[in-house]
Amino acid sequence: MSMSRRPNDDLFSSRQFPWRLHVLLERCDEAGETSVSWLQEGKLFQVHDKERFAEKVMPCFFQSSTYKSFSRNLNLWGFKTVSKDHGLAIYYNEFFVRHRPD
């Protein structure tokens, strides 16, 4: 998948943040995008390169392309920061699991 365009499914635009984030992670994984990835059996994820993620990936899935807005949405949807690796947060939500978008 090219990270340069938003999925053109009309249903996509009406979906909420967690579903979009799930699609983002799955598609980045398929495309070999390294700025964000699932960790540890798909129960955690990490943004490895905030600048690249905000500039190249976020615009394909979200209206806002600021990392601060993304971080705020994570907090609003109950994601927890479980640790920081070289200043980059690792995120967790018990209901957010790889290959389970529901």
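Residues are numbered from 1 along each chain as its sequence is written, and side-chain values use heavy atoms, with hydrogens and water left out. Because the model is predicted, local features need pLDDT of at least 70 and side-chain atom pairs count only at pLDDT 80 or more, while totals for chains, interfaces and linings use all residues.

Side chains of opposite charge can pair when their charged atoms come close. A salt bridge is taken here as a side-chain nitrogen of Lys or Arg within 4 Å of a carboxyl oxygen of Asp or Glu, and the count by this rule is three. One of them joins Asp 29 to Arg 98, with 2.3 Å between the closest N and O atoms. Asp 29 belongs to helix α2 (residues 17-31) and Arg 98 to the segment after β4 (88-92), so this pair ties together parts that are 69 residues apart in sequence. Helices (H or I, at least four residues) and strands (E, at least two) are DSSP runs, numbered from the N terminus. Relative accessible area is classed as buried under 20%, exposed over 50% and partly exposed in between, with a 1.4 Å probe and protein chains only. Asp 29 is partly exposed at 43%, and Arg 98 is partly exposed at 25%.

A salt bridge also links Arg 52 and Glu 33, at 2.8 Å from N to O. Arg 52 lies in helix α3 (residues 50-61) and Glu 33 in the loop between α2 and β1 (36-39), so the pair ties together parts that are 19 residues apart in sequence. Arg 52 is partly exposed at 36%, whereas Glu 33 is buried at 9%. Glu 55 and Lys 56 form a salt bridge at 3.6 Å, N to O; Glu 55 is exposed at 56% and Lys 56 partly exposed at 39%.

Strand β4 is mostly covered, with four of its five residues buried. β4 pairs with strand β2 (residues 44-47) in the antiparallel sense over three bridges, where pairing requires at least two DSSP bridges between the strands. Tyr 92 in β4 is the bridge partner of Leu 44.

The lining of the largest pocket includes Trp 19, Trp 77, Phe 79, Asn 93 and Arg 100. By class, this lining has seven nonpolar, two polar and two charged residues; Ala, Val, Leu, Ile, Met, Phe, Trp, Tyr, Cys and Pro count as nonpolar, Asp, Glu, Lys and Arg as charged, and the others, Gly among them, as polar.

Technical notes
1 Å grid on protein atoms, 1.4 Å probe; cavity = no way out; pocket = protein on both sides within 12 Å on 5 of 7 lines; lining within 4 Å.
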